[in-house]
Amino acid sequence: MNITKSVVLFALAAVAEIGGAWLIWQTVREDKAWWLAGLGVMALGAYGFVATLQPEASFGRILAAYGGVFVAGSLAWGMAVDGFRPDRWDVAGAMICLAGVAVIMFMPRNTA
């Protein structure tokens, strides 16, 4: 159950952080409405709270693992929203990052 919870929380965190950054990007780089940046700031704040809901207690471990989710999620967001088409190296890099997430978060640890 903790693996499922972590995966869902990582996905929610990615939507909040990447979506928030994208909204700010749209305001600054694409000359969109200023209120989009306000929504982006709120989404980025929500990301910070979502991260605290992870079952793992170590801040460093959560943020390190989330880095891999962010890499893969950013490429996926670009594909879904901006028409970005990753090349094989983008895909390979994202897969390596997600493998790192699995190692950091879900491998058995000695608790002694």
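Helix H1 (residues 2-29) has 28 residues, so at 1.5 Å a residue it should span 40 Å, and its end C-alpha atoms agree at 39 Å apart. That expected span is 1.5 Å times one less than the number of residues, and helices here are DSSP runs (H or I, at least four residues), numbered from the N terminus. Just past H1, aspartate 31 takes a positive phi of about 55°.

Keep in mind that this is a predicted model: local features need pLDDT of at least 70, side-chain atom pairs count only at pLDDT 80 or more, and totals for chains, interfaces and linings use all residues. Residues are numbered from 1 along each chain as its sequence is written, and side-chain values use heavy atoms, leaving out hydrogens and water.

On to the rings, which pair if the centres of Phe, Tyr or Trp (its six-membered ring) lie within 6.5 Å; planes under 30 degrees apart are stacked, over 60 edge-to-face, the rest tilted. The count comes to 4 aromatic pairs, one of them tilted, between tyrosine 47 and tyrosine 66.

| Tyrosine 47–tyrosine 66 pair | Value |
|---|---|
| Centre to centre | 5.1 Å |
| Angle between planes | 35° |

Tyrosine 47 lies in helix H2 (residues 34-51) and tyrosine 66 in helix H3 (residues 59-82), so the pair ties together parts 19 residues apart in sequence. Both tyrosines are buried.

Definitions and conventions:
Helix = DSSP H or I, 4+ residues; strand = E, 2+ residues; numbered from the N terminus. Buried < 20%, exposed > 50% of the residue type's maximum accessible area, 1.4 Å probe, protein only.
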